[in-house]
Amino acid sequence: MIEKNIEIEQIYFLKILNSLDDAIYITDKTGKTLWMNEINKKIFESHKSRMIGKSVAELENEGVFNPSIIKKVIETGKTITKVQTLVNGEKYMTTGHLILSDDGDIEYVVAHGRNMNKIASSAPQLELGEINALLQRYIQEFRKLNKDKLLNKNGTTFVGQSQSFVRLSEIIETVASVDTTVLITGETGVGKNIVAQQIHNLSERHDKPFIHVNCASIPETLIESELFGYSKGAFTGANTGGKVGLIQLAESGTLFLDEIGELPLHLQSKLLQLLQNKTYKPIGALQTKNANIRIIAATNRHLETMIDEGTFRRDLFYRLNVLPITILPLRERKEDIFPLLQFYLNTFNTRHKKNRFFTMEAIEILQNYTWPGNIRELENFVEQLVVMVKQDEISLSDLPERFHKAETENKDLHLQLQGDTLPEILDNVERDIIKEAYKQHKSTRKTAQFLGIPQSTFMRRLKKYGIDTKAN
């Protein structure tokens, strides 16, 4: 229970910092901006898009704040308190704190600032010294957040900052507090296994087994024996001592059935019995066994369509779909791309003993990319860059052609969407198509034939858009 409380405290850590009226600003040991709370974002609103990832020295030169307290803390190695003038003209009493590793090395630097006007008006209330003492408590919690495993014990990643991510986190916390079956849906690579692991980690079963079964990776002829096990002498060629199934291995813990849509139809009835009665019968056994497990299932398929096709049991779907969780694809939560990029960059830099970093131009293109393979594609791609790029700086030239092509298409679409109304937008698109087609075919007859419209219609379009054929 103590371990669980610590995990819950860590989950609420950033929420607590965001709720403060004081400004909190966090950098790495070099002064590179990693995170700031909501009050800071409001102060630096005009600079927000380009502050994360920038060094405090650069921002000081740009006049975002003066002086940079964090820069002075790094230079002196001491806690410093000074009055700091921010870009909006307001003055803040700011204290910079070092966060040291167990070996005494600097890991992070945190600056805490309070508006001077608020200090004057709140003197009878909470003193600045008391706030700094409270911040020290938060700093201790921050040290508990392992930057390579971020809130997870088993090396999985649960990273993001979008509204949908925040909502997902809240749902996970709620679902983890009960012991009911969960069905997680989402495209391939969105992190369904990570969410399942997170639910387990925050549940009362967190110190018990978490058994991950990929139903698509086990041959249909073996999946029954793998899941349910078999008794001694159950069939020819069976292990003489029988076999313990994955359900039994998950006893008292969580059984995660990934790609549940791939489970053969004849096994779905046995799974239904397990869900309904928490009992199962190994192959060849005469008696049923009780199972004290929680079941979490996941799929990238549309199970209701499979029901209509007769490949998935309706009653099983209803049993699984008690607590549904849908994970949005990465293209619909672009705010999560940057923290994921930084997380995996740090992870693979550490793993491969590199010091790679992204240029701002590269980050901009990567943030605008649609990531059809979602988080899995992003993770694999970042590792590829860390290993293959020859220099520490990862720039535009290091990105494959598909990223540049996607960026060009995005810009073209943006240009096409100029106009206040749908008719104006459609006219812009039609005009560009007509101009490009005429450039290729050089005559009104051939162009009209290519576009599949009468030549007279094509001539009217030329006149409508004021296109000069002689100029083409």
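What follows is a set of questions and answers about a predicted model. Residues are numbered from 1 along each chain as its sequence is written. In this predicted model, local features need pLDDT of at least 70, side-chain atom pairs count only at pLDDT 80 or more, totals for chains, interfaces and linings use all residues, and side-chain values use heavy atoms, with hydrogens and water left out.

Colleague: How many helices and strands are in the chain?

Modeller: Helices (H or I, at least four residues) and strands (E, at least two) are DSSP runs, numbered from the N terminus. On that basis the chain has 21 helices and 15 strands.

Colleague: What percentage of the residues of the chain count as buried?

Modeller: Buried means under 20% relative accessible area, exposed over 50%, and partly exposed in between (1.4 Å probe, protein chains only). The chain has 472 residues, and the buried share is 43%.

Colleague: Which residues of H12 are buried?

Modeller: Helix H12 covers residues 265-277. Its buried residues pack against elements including helix H10 (220-228), strand E9 (254-258) and helix H14 (314-320); contact here means heavy atoms within 4.5 Å. The buried residues of H12 are Leu267, Gln268, Lys270, Leu271, Leu272, Leu274 and Leu275.

Colleague: Which residue follows H12, and what is its phi?

Modeller: H12 has 13 residues and reaches 19 Å from its first C-alpha to its last, close to the 18 Å expected. The expected span is 1.5 Å times one less than the number of residues. After H12 comes Lys278, with a positive phi near 55°.

Colleague: Which residue pairs with Lys270 in a salt bridge?

Modeller: A salt bridge is a side-chain nitrogen of Lys or Arg within 4 Å of a carboxyl oxygen of Asp or Glu. Here the N to O distance is 3.1 Å. One partner lies in helix H10 and Lys270 in helix H12, so the pair ties together parts that are 46 residues apart in sequence. The partner of Lys270 is Glu224.

Colleague: Is Arg205 buried or exposed?

Modeller: Arg205 forms a salt bridge with Asp179, with the closest N and O atoms 2.7 Å apart. The two sit in loops, 26 residues apart. Asp179 counts as partly exposed, at 39% relative accessibility. Arg205, at 10%, counts as buried.

Colleague: Which helices hold Glu383 and Arg351?

Modeller: Glu383 and Arg351 form a salt bridge, with the closest N and O atoms 3.9 Å apart. Glu383 is partly exposed at 23% relative accessibility, and Arg351 is exposed at 52%. Glu383 lies in helix H17 (residues 374-388) and Arg351 in helix H15 (residues 337-352).

Colleague: At what angle do the axes of H20 and H21 cross?

Modeller: Axes are lines fitted to C-alpha atoms, for helices over the stretch in contact, and angles run from 0 to 180 degrees between N-to-C directions. Angles under 35 degrees count as roughly parallel, over 145 as roughly antiparallel, 65 to 115 as roughly perpendicular and the rest as oblique. H20 and H21 are therefore roughly perpendicular. Their axes come within 9 Å and cross at roughly 105°.

Colleague: Where does Trp371 lie?

Modeller: Trp371 is not a glycine, yet its phi is positive, about 50°. At 0% relative accessibility, Trp371 counts as buried. Trp371 lies in the loop between helix H16 (360-368) and H17.
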